[in-house]
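I opened my notebook to look at how this chain is put together. These are my entries, in the order I looked things up.

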Amino acid sequence: MTALTDSEKGKETTPATAPAAADTLPHYTEAERKITLTGLMVVFLLAALSQNVVGTAMPRIIEDLKGFNLYTWVTTAYLLAGTVMVPIYGKLSDLYGRKPVLIFGIVVFLLGSALCGLAGEPFLGNFLGGGMNQLIAFRAVAGFGGAALFTTAFTILADMFEPAERAKFGGLFGAIFGLSAVLGPIIGGFLTDSLSWRWTFYVNLPLGLLALFLIVAKMPRLGQRSGGKIDFLGALFILGATIPLLLALTWGGITYPWDSTTILSLLGGAFVSLLAFLFAESRASDPIIPLSLFRIPMFRTGNLASFVINMAFFGVVMFLPLYMQMVLGVSPTKSGMSMLPLMAGLMGSSILAGNVVAKTGAYKPWMIGGGIVLVFGMWLLTGLQAESTLTDLYWRMFIVGLGLGPAQSLFTLAIQNAVPVRELGVATSSSQFFRQIGSTIGAAVFGTLLMNNLHTELPKHLPEVPGAQMDTKNIDLGALRAAGSGKGGPGVKIKQAFNDQYVQIEKAMNGDQAAAKAIQANPQLPNELKTLATGGLKAQVHQKLSTQAAGIKAALSQGEAGRQVLLNNAETPQALKDQLKSIPPQAFATPQGSAAVAAKVSQAVMAQEDKVYGQAKDKALATIKTRLDKQGTELADKVDTGLKEGFTAAMTRMFGSAIWFAVAGLIITLLVPVLPLVSRRSAAAQQPEAEAPTTSA
């Protein structure tokens, strides 16, 4: 037995809150436990990596399979298939044992992974409507099998290990999950760049085959193999409640408006199916999720707290890489590596909490402490600015990770400790089910919050661009990421637009009538520039030369005196002075001669009109180019800065909303009952290892 606190010693364990003394597990040899633990770690790593390795390959996948409009469905299909199967696998493992269910899950998962790697290959042709549809369908197959991996792994831990040992190993498994979240994007990017995106799926095969070998050859048969039957009606209704709900949360506000007939129908259908599920389960002889479990305070309170905390968890983790890419200019692959501080905090606190709980048995202080640190960490994230550096983000993420760590394993441990052994599988799978549903709902809720915040914040920070089509109701997050990296985005497009305007002005000044009409119709150009570009400069040059020629003619008509006036005038061009000096004095001897010289010189002045216009045009274009470049750069900088500031403000407001979910999770955690970690080892376990009965493989 583990050490108990004074408060724990004073509490009596009732049938509603803890298992009976006779509710024990069989004994397993040390060799069986070590081999099984190794196999489970491989299985867990496989399942965790499969969720993280594909993300960095998705841009290349949609480029090859031509399916940008189906981008989100690659993830949604896996999530839908996996989430709805979690409680079903839990019940099957209670009825038929853990080992066959885990083997079935691994085989189906590997089959789905192999098929995903083949999606879009020529020999499949137009099967299922093309490569992207094939990938979505095959991801659903992988999710169908993958649901068994997490659920059964945690249940087998409860089957084979005492709660104290399980706390330690649960922390280790939480650390593996955190590590996979860092390694997954890195491995995915490396495989995509070095080999092909298909290897992000094929990489599952060697790991899966190793796990399959260890489990088939070395793992003992586990599970109660209690009498009963599959609750098909309950399974049908849980599918009917879960799938429409997840579809509504995935589509709502993005594909369809929240008040559309489609979304309301899905939500209504989910609610009706939930009521039917509760009715069916209350009358089923062997329900898929026994409603009696909800009479156990630890089961209902722990699952509710885990549900809410995972909503807040996804509200932070899912969008942090986007903030890094948009505001800090981090590449997609590097943004995966940049999650290391958060995962380091998560792994460290998860392992530490697991080891301490294994020695003391006191799990609730760690749950509460983690909740408090999580709230504090999320509050720190609200202090991020557009000018923040990666270092500013790293230490905040580390604190958030410290708060998240204990919740990754202790809630499951406490729930497993509170339920009867005969319902261990379904209790564990139900815990995983509520956690995944919380994550899914959190992703949908905080995605909607972020978009709504963008609609509010971007207009506050973006400059007005006359005539520009910048609709914040349909903001492109790809443009935000491009702005952050400086490779594309609105700022570059604005500079290009100003450059295009210059090219059009140049064409108009060279006599292109189509360009002149386009300039006249452009609302972004000031009227004086339109006039200058569409004949105004030419008219100015003609007027100036005409006035100059008329003045020269009038002056030279007065003879030598007029010539001297022009020569002494500082405004007379030097070229004209040189020309006047070359005229012999006798040319001005008579009025008729002076008039002839005056006419000839004035005509020569007007003959220079094309040359003078060309010089004036080059000078004007240089001035216009400089001015447009300056305006374009200033406006581009304002837009890019405004996007960063607006996006940062939207993110910090979303983090502020996440705080309330974390606070709610903390309040619920305060209500978690304190139970001693109960030993469930059978009497055979008390025998010496050499005399202990072994379990058939």
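**Entry: helix H16 against helix H27.** I began with helix H16 (residues 364-381), which packs against H27 at an angle of about 165°, the axes being 8 Å apart. That angle makes H16 roughly antiparallel to H27, a label for angles over 145 degrees. I took axes as lines fitted to C-alpha atoms, for helices over the stretch in contact, with angles from 0 to 180 degrees between N-to-C directions. The H16 side of the contact includes Lys-364, Met-367, Gly-371 and Trp-379, and the H27 side includes Thr-652, Phe-655, Ala-658 and Leu-670; contact means heavy atoms within 4.5 Å. I noted the crossing of H16 and H27 as left-handed, meaning that the near helix is turned anticlockwise from the far one by less than a right angle, with clockwise for right-handed.

**Entry: ground rules.** I kept in mind that this is a predicted model, where local features need pLDDT of at least 70 and side-chain atom pairs count only at pLDDT 80 or more, while totals for chains, interfaces and linings use all residues. Residues are numbered from 1 along each chain as its sequence is written, and side-chain values use heavy atoms, with hydrogens and water left out.

**Entry: the whole chain.** I found 27 helices and zero strands; helices (H or I, at least four residues) and strands (E, at least two) are DSSP runs, numbered from the N terminus. Of the 697 residues, 52% count as buried, using under 20% relative accessible area for buried, over 50% for exposed and partly exposed in between (1.4 Å probe, protein chains only). Among contacts with a separation of 6 or more, 82% come from residues 24 or more positions apart.

**Entry: helix H23 against helix H26.** Next I checked helix H23 (residues 527-556) and helix H26 (residues 591-607), whose axes come within 8 Å and cross at roughly 165°. These two are therefore roughly antiparallel to each other. H23 passes H26 in a right-handed crossing. Among the residues in this contact are His-542, Leu-545, Ala-549 and Leu-556 of H23, and Ser-594, Val-597, Val-601 and Met-606 of H26.

**Entry: nonpolar cores.** Which residues touch the most other members of the largest nonpolar core? I read off Met-298, Leu-320, Ile-505, Met-509 and Leu-556, in a core of 122 residues. Helix H27 (residues 609-670) gives the most to this core, with 18 residues. A nonpolar core here is a set of buried Ala, Val, Leu, Ile, Met, Phe, Trp, Tyr and Cys residues joined through side-chain atoms within 4.5 Å. Setting aside neighbours within four places in sequence, I saw Met-509 in contact with residues including Leu-532, Leu-537, Tyr-613, Lys-617 and Ile-624. A second, separate core has 24 residues, including Val-43 and Phe-150.

**Entry: salt bridges.** How many salt bridges are there? I count two, each a side-chain nitrogen of Lys or Arg within 4 Å of a carboxyl oxygen of Asp or Glu. Lys-460 and Glu-457 form one (3.7 Å, N to O), three residues apart in helix H19 (residues 424-461), about one turn of the helix. Glu-457 also meets Arg-653 in a salt bridge (3.2 Å, N to O). That pair links distant parts of the chain, Glu-457 in helix H19 and Arg-653 in helix H27, 196 residues apart. Glu-457 counts as buried because its relative accessibility is 8%, whereas Lys-460 at 58% is exposed and Arg-653 at 39% is partly exposed.

Key
Parallel < 35°, antiparallel > 145°, perpendicular 65-115°, else oblique.
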